Amino acid sequence: MGEVDPAFIQEPEHRPKISYIEGQGIPLIDLSPIHSPDNVSAIEGLVKEIGSACKEWGFFQVINHGVPLEKREKIYSASRKFSALSVEEKSKVRKSVKKVYGHYDNEHTKNVKDWREVFDFTINDPVTVPASPEPDDEEVTEWKNQWPKYPPELREVCQEYTQEMVKLAYKLMELIALSIGLPADRFHGFFKDQTSYIRLNHYNPCPAPHLALGLGRHQDSGVLTILNEDDVGGLEVKRKTDGEWVRVKSAPDAYIINIGDTTQVWTNDKYESVEHRVVVNSERERFSIAFFLHASSYTMVEPLEELTSEQNPAKYRAYSWGKFITHRKRSNFQKLSVENVQISHFKISK
């Protein structure tokens with residue numbers, strides 16, 4: 001333990017096991033049918049697959065997704081160059097309470113420090129959000145990107161990659177809408193001024209992978225997450241059937257998709273957001289890129305009226321997405337004495 005700052009050390013019950021279960025059952029879904037939409041039976045089969053993956057796992061992988069390999073290679077290359085910069089250089093674009101996008105190496109999950117550094121950028125720059133999480137405060141503010149001087153190509157590469165992620169996210173949300181019996185474009189209106197962002201993750205080798213986590217256990221608060229990772233791996237998902245942590249082995253050229261809390265609320269618990277975490281490697285560094293699909297800040301998140309009825313009443317009170325994320329972002333920069341805001345706080349008790 002001498003080599004690891006105690007701030008990184010997980011409570012014994014949350015420490016990763018050195019031996020792990022590989023997640024054999026995590027669905028691998030071929031998205032080819034979306035490129036030939038006239039094949040109705042293939043689309044119907046795809047929709048069914050998406051629905052059962054969302055219901056049973058909350059996680060799945062997709063191949064033949066249409067994102068060019070070249071764009072992924074470019075963003076990984078730029079991400080590696082950025083992470084290799086000196087601490088001094090990276091600190092020029094450091095995140096803070098006022099500047100919520102940029103570089104950061106001091107994030108906490110469940111009040112334990114994560115063994116990683118990140119670089120975040122919003123896809124709508126700037127993005128308008130509430131100035132504070134206080135319900136009566138109507139003031140708004142802008143969150144803007146900070147781009148480093150090096151590598152010079154980072155900004156352009158990231159913006160190109162963003163376009164591919166938005167296209168893929170919309171396709172996936174159309175399939176999810178169809179899987180719950182709604183029109184394909186049912187969710188589109190929520191993303192007019194979306195607060196989506198991308199995170200470049202870098203996990204250095206860790207001398208105590210049995211004590212620390214690259215990213216502690218959590219559920220994603222947004223709509224959908226699209227993750228691409230290198231061959232080092234380390235993502236673990238809490239299996240719904242038995243609560244065991246299982247390691248995701250990403251298929252070549254695949255994206256890993258997971259449902260977020262917002263979708264759980266919209267679907268009134270039909271599809272549930274699942275807890276996941278990232279373990280670290282003692283020998284190899286790891287890179288991954290995550291796209292977080294988030295609604296517009298003025299969205300009131302609540303169960304969709306088409307999915308609620310007298311027999312199946314709404315399970316959540318409506319909440320402001322903008323206020324929610326403003327609260328969440330603040331906690332990235334300070335240890336909280338209470339649990340961060342969660343969708344469970346809006347659950348209607350029977």
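Among contacts in the protein between residues at least 6 apart in sequence, what percentage join residues at least 24 apart? In this predicted model, the share of such contacts that join residues at least 24 apart is 78%.

The protein has six helices and 19 strands. Its radius of gyration is 20 Å, close to the 20 Å that the globule rule gives for 350 residues, so the protein is as compact as a globular protein of that length. Along the principal axes, the C-alpha trace spans about 55 × 50 × 45 Å. Of the 350 residues, 55% count as buried, while the protein exposes about 16,300 Å², of which carbon and sulfur atoms supply 49%.

In soluble globular proteins, nonpolar side chains tend to be buried together. Here the largest nonpolar core has 96 residues, and those with the most contacts inside it are Phe187, Leu224 and Ile226. Helix H4, residues 154-179, gives the most to this core, with 13 residues. Leaving aside its neighbours within four places in sequence, Phe187 is in contact with Met173, Ile176, Ala177, Ile180, Trp266 and Leu304.

Strand S13, residues 235-238, pairs with two strands, as the table sets out.

S13 and S14 form a hairpin with six residues between them, and Gly243 in the turn has a positive phi of about 75°.

Note on methods
Residues are numbered from 1 along each chain as its sequence is written. This is a predicted model: local features need pLDDT of at least 70, side-chain atom pairs count only at pLDDT 80 or more; totals for chains, interfaces and linings use all residues. Side-chain values use heavy atoms; hydrogens and water are left out. A nonpolar core is a set of buried Ala, Val, Leu, Ile, Met, Phe, Trp, Tyr and Cys residues joined through side-chain atoms within 4.5 Å. Buried means under 20% relative accessible area, exposed over 50%, partly exposed in between (1.4 Å probe, protein chains only). Helices (H or I, at least four residues) and strands (E, at least two) are DSSP runs, numbered from the N terminus. Contact means heavy atoms within 4.5 Å. Two strands pair if DSSP finds at least two bridges between them. The radius of gyration is taken over C-alpha atoms; the globule rule is 2.2 Å times the number of residues to the power 0.38. Accessible areas come from the Shrake-Rupley method with a 1.4 Å probe; for residues, only the protein chains shown count as cover.
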